[in-house]
Amino acid sequence: GGMRKRLDIAGGLIHRPEVLFLDEPTLGLDVQTRRRIWDYIRLLREREGITVFMTTHYMEEADQLCDRIAIMDHGRIVAIGTPSELKAGIGGDLLTVDITTGRRGTRDGGVQPDGDGGLQDLLLTVPGIKQASRASDGRWVLVADRGEEAAPAVLEAVGRHGLRVNYLAMKKPTLDDVFLHYTGRQLREDEGQEDFSRRRTGLRRARM
């Protein structure tokens, strides 16, 4: 638990190192214990002047503790910078939109956008929208310069073309968003499906 983690860190400090390497220092710990470990790491950095290199899968942890962050994918660094730089690198606010297509006509008597490509083109015509991509859950993820201004414009554009918005939410980018931006949602899902298929094929062969 937390005591074991603190003892592990203390063991690395016996020879008063200038650099300390920590591998997943809070893995498997509850929230309270994790926060205590965070405080301890901050203390080492601020009072002892120790440079800490750490690996973590917790994006909140990286955001709280690290001055610079490197995001790795398949053993390769795909992005590096301060937390603020990485979040700003996405390019703006994030809008998540769930849009339903139907058979209603458009307000001007035209036709609805055809398929994902047509809907993407429509969304990219909205002022302030810089990126539009379809997530695995079917919702659209939009990157906007100013989300509070782009959101009503999205509603207007979608409604004008006879479509319906079931859900719209805006948020500032987090490091989770940065990680997904650089490593990709679909990549992980495809790999998981391939791995599942390989296992299923192996089971079939084992039964034959």
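Biologist: How many helices and strands are there in the chain?
Modeller: This is a predicted model, so to speak of local features we need pLDDT of at least 70, while side-chain atom pairs count only at pLDDT 80 or more and totals for chains, interfaces and linings use all residues. Residues are numbered from 1 along each chain as its sequence is written, and side-chain values use heavy atoms, with hydrogens and water left out. Helices (H or I, at least four residues) and strands (E, at least two) are DSSP runs, numbered from the N terminus. On that basis, the chain has eight helices and eight strands.

Biologist: What percentage of the 208 residues of the chain count as buried?
Modeller: Buried means under 20% relative accessible area, exposed over 50%, and partly exposed in between (1.4 Å probe, protein chains only). Among the 208 residues of the chain, the buried share is 32%.

Biologist: Among contacts between residues at least 6 apart in sequence, what percentage join residues at least 24 apart?
Modeller: A contact is a pair with heavy atoms within 4.5 Å. Taking the contacts between residues at least 6 apart in sequence, the share joining residues at least 24 apart is 63%.

Biologist: Is Phe21 buried or exposed?
Modeller: Phe21 sits in strand 1, residues 19-23. Because its relative accessibility is 61%, Phe21 counts as exposed.

Biologist: How many salt bridges does the structure hold?
Modeller: A salt bridge is a side-chain nitrogen of Lys or Arg within 4 Å of a carboxyl oxygen of Asp or Glu. One of them joins Arg146 and Glu149, whose closest N and O atoms are 3.5 Å apart. For the structure, the number of salt bridges is 10.

Biologist: How many residues apart in sequence are the parts that Arg45 and Asp67 tie together?
Modeller: The side chains of Arg45 and Asp67 meet in a salt bridge, at 3.7 Å from N to O. Arg45 belongs to helix 2 and Asp67 to the loop between helix 3 and strand 3, so the parts tied together are 22 residues apart.

Biologist: In which helix do both Glu156 and Arg160 lie?
Modeller: Their side chains form a salt bridge of 3.4 Å, N to O. Glu156 is partly exposed at 36% relative accessibility, and Arg160 is partly exposed at 33%. The two are four residues apart, about one turn, and their helix is helix 6 (residues 147-160).

Biologist: Which residues of helix 7 are buried?
Modeller: Helix 7 covers residues 175-183, and after it comes Gly184, with a positive phi near 90°. Within the helix, the buried residues are Leu175, Asp177, Val178 and Thr183.
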